[in-house]
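Here is a structure to be read step by step, from the confidence of the model to its domains and its annotated spans.

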Amino acid sequence: MFPTPIAKKSRSYQLTYQAVLPFALILWLLPLIAVAMFSIKPAADFANGNYWGWPSSFEGFTNYGKVFLESNMPRYLLNSMFITIPTVLGAVALSSMAGFALGIYKFKGNLFIFFMFIAGNFVPFQILMVPVRDLTINMGMYDSIQGLVLFHIAFQTGFCTLFMRNFIRALPFPLIEAARVEGVAEWRIFWYVVLPLMKPALAALAVLIFTFIWNDYFWAVVLTQGPSAQPVTAGITEFNSQFRAAYHLMSAGSIVAALPPVAMFFLMQKHFIAGLTLGAVK
Amino acid sequence: MRPQLNPSANRCMVFACVKSAEGHDMSSLTPTSRSWYKRNEIALTPWLFLFPAMLFFAVYVIIPIGQSFWISFHQWDGLGEKTYIGTANYERLLGIGDQNIDRKFETSFWNNLKWLVLYLLAVPAGLFIALLLNQTVRGIRLYKSLFFFPFVISQVVVGLVFSWFYLPREGLLNAILGVFGAGPVNILGDPTLATYGIIAAGLWPQTAYCMILYLTGLNAVDPEQVEAARLDGAKGYKMLWYIILPQLKPATFIAFVVTIIGALRSFDLISVMTNGGPFGSTRVLSFYMFEESLSEFGFRMGYGSAIAVVLFFIMLGFIGYFLYSMWRDEKGAR
């Protein structure tokens, strides 16, 4: 193990380490702690210039209540849900099929198609922006949840296929050969043999894509406008102009907007990190 | 289900003969009785499985890349007719002929370079934190998650959080500087500092990402090699450089890929924190393209597409290199 395990070091070294850790963490999360602090302060503190002192009263419930009751925030959160969940399902479905095809079969153009998916996943969004916006308008889906979902599914399929293909590649191939010898149809091999083995990969991808799509801002701005379809990342701008300079409310709003992926991460940590670090070890 | 042999290639027919010689059921093996699909099942299945993904990907990713190239040779407001103007957009952008280079483009390009170079600091910073946290003490798992979680927060919120952090009067940064007697600085209001302020905000989640990559990599380091090197007297930096880092190569590769791509994609933070200002000093190509195409001064889709094409070619250099090294690994695996 590197660095040398702390247990092998001197007692004073161990104590220093234990003391440094929480200090480093607070420093690391300082901007976030500041916002959390803002979000429970009363408006009066800001008027009196008490930005960094102790809150004169705890107003967490009032502030967060206002976010939910006096703004479009619930609507934006709901939109984000309706955008994120279908995208996760669609992208995972398409890519597990494509990954199966690319990971199991040997055919001409296999590697070429695979690299096409990888390359497409890396392109700058801006080169897609004008045509995709135009296409969405022509299909009558501008400023709609469906328009955003269709694009997200298509784009995420690139990354997901890379992920799925490599995962399926690592499965024991004799299993599939055995099924073939038994005469199992190919689609049944996918459904009954490969898919059950892919459960960890499916979970990892679902959590990752949830986070990516929830946090998307660029496409939300390009393909939607207004509270009817905008997700929370884009809606927060409108929210902030509604509560201009009311830092306690803006802070509370930001925390609400950021919370769902954070909750997802802490609940599904193992899968999340497994997905993110795929390929970081050989 | 009735046992049936795999109906794909000639090899299988040989296989079928072997099987029938062993006295298995032969009736299902007569080739004429099987449908065309059954006979070609192995060749057809991959294409059927690929079809939906390829359709989506082609319509929304591959074809639009070509269309953007096409649009970049036109003048277009996004609604009316496109007017073909040849390479005029590029000439205006790069200042070919008797015109000057587009100043906004120039600023954006240099800012992109700053992003690229400074953003890569996330890689060593991530390694540093990973080395700090790669211990087994009580509660270390919680520490690892808490160090990582800025990455999970949306860039929009990161941008907001940092712009409040930098506020000249209310911001915590200036409150801390004040304790040390340093005067208040308005980072996002100062054209010479604003870009660096945004990059610092971007480094925060990116470092967390690199950290988690390295933590996973460190987990897989071969303990025997480390022990052997230790017996040979290697420690500290020497150990890190000659024994550990070579084993972390896959993690380093991915860290570089995601950081470079992230640097060139930077848009959210700039849009939220400064909206390109002050005086356009924080624009990067991706932001400038957006601004030209969907600005309130009218839609210049052709010109915007030309900027996107330039950005695409910059990115293509990196993508080409990434694909080449992945392809090399694929070949090695075969």
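The paragraphs below lead through chain A.

This is a predicted model, in which local features need pLDDT of at least 70 and side-chain atom pairs count only at pLDDT 80 or more, while totals for chains, interfaces and linings use all residues. Residues are numbered from 1 along each chain as its sequence is written, and chains are lettered from A and ligands numbered from 1 in the order in which they are written.

The mean pLDDT (the predictor's confidence in each residue, from 0 to 100) is 89 for chain A, with 99% of its residues at 70 or more. Among the elements of chain A, the lowest mean pLDDT, 82, belongs to helix α3 (residues 43-47), and the highest, 94, to helix α5 (residues 73-104); helices here are DSSP runs of H or I with at least four residues, strands are runs of E with at least two, and both are numbered from the N terminus.

An automatic or database domain assignment supplies the domain bounds, and chain A is divided into domain 1 (6-59) and domain 2 (71-276). Although the C-alpha centres of these two domains of chain A lie 34 Å apart, eight residues of domain 1 are in contact with seven residues of domain 2, contact meaning that the C-beta atoms, placed from the backbone, lie within 7 Å. On the side of domain 1 of chain A that touches domain 2, α2 (30-39) and α3 each supply at least two residues, and α2(A) gives the most, with four.

UniProt, in an unreviewed entry, lists residues 20-40 and 149-168 of chain A among those under "transmembrane region", in the numbering used here, with feature names shortened and annotations that may be inferred rather than shown by experiment. Residues 20-40 of chain A are 90% helix and 0% strand, with end C-alpha atoms 28 Å apart, whereas residues 149-168 of chain A are 100% helix and 0% strand, with end C-alpha atoms 26 Å apart.

Technical notes:
Contact = placed C-beta atoms within 7 Å.
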